[in-house]
Amino acid sequence: NATFEDQQRVNKFARNMSRITELKEETEVKRKQLHNLEDVCNDIMLADDDCLMIPYQIGDVFISHSQDEAQEMLEGAKKNWQEETDALESRVLYTKFGGNINLEVDEN
């Protein structure tokens, strides 16, 4: 027979596992988007035409920018996506281990 405390622990575990699954899925989406941004950056670098205008989407609108401007904007977007991905991965660890993570450096 399961006690009330046991049931509470099982429920907490199930909630944590559900949250971990959601965070992992969200992290995977962010990784794919980051990969797509990297591909676009590479494609722009390989473009031969220096006067080529690159359409860049901001909200629902596309604005044309020079290759250098588009490259700078993409690098900023990549940095933001990477930070968001790192934050999600940290949340996955925290959700999984909670306060049981000890990241102090052993000085021995």
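Start by selecting Lys-30, which sits in helix 1. The model is a predicted one. Is Lys-30 buried or exposed? Its relative accessibility is 14%, so Lys-30 counts as buried, the cut-off being under 20%.

Next, show what surrounds this side chain. With neighbours within four places in sequence left aside, the contacts of Lys-30 are Trp-81, Glu-84, Thr-85 and Leu-88.

Now select helix 1 (4–46) and helix 2 (67–97) together. Two packed helices are described by the angle between their axes and the distance between the axes. For helix 1 and helix 2 the angle is about 160° and the axes are 9 Å apart. Helix 1 and helix 2 are therefore roughly antiparallel to each other, since angles over 145 degrees count as such. Their crossing is left-handed. Colour the residues of this contact by type: 14 are nonpolar, eight are polar and 12 are charged.

Then move to the largest nonpolar core. Which residues make it up? Select Leu-37, Cys-41, Ile-44, Ile-54, Tyr-56, Ala-70, Leu-74 and Ala-77, eight residues in total. At least two residues of this core come from each of helix 1, strand 1 (54–58) and helix 2.

Finish on Ile-54, one of the core residues. Residues up to four places away in sequence are not counted here; beyond them, Ile-54 touches Ile-44 and Ala-70, and also Ile-63, Ser-64, His-65, Ser-66 and Gln-67. Of these partners, Ile-44 and Ala-70 are also listed in the core.

Conventions:
Residues numbered from 1 in each chain as written. Predicted model: local features only at pLDDT ≥ 70, side-chain atom pairs only at ≥ 80, totals over all residues. Heavy atoms only, no water. Core = buried A, V, L, I, M, F, W, Y, C linked by side-chain atoms within 4.5 Å. Buried < 20%, exposed > 50% of the residue type's maximum accessible area, 1.4 Å probe, protein only. Helix = DSSP H or I, 4+ residues; strand = E, 2+ residues; numbered from the N terminus. Contact = heavy atoms within 4.5 Å. Axes fitted to C-alpha atoms, helices over the stretch in contact; angles between N-to-C directions. Parallel < 35°, antiparallel > 145°, perpendicular 65-115°, else oblique. Left-handed = near helix turned anticlockwise from the far one by under 90°. Nonpolar A, V, L, I, M, F, W, Y, C, P; charged D, E, K, R; others polar.
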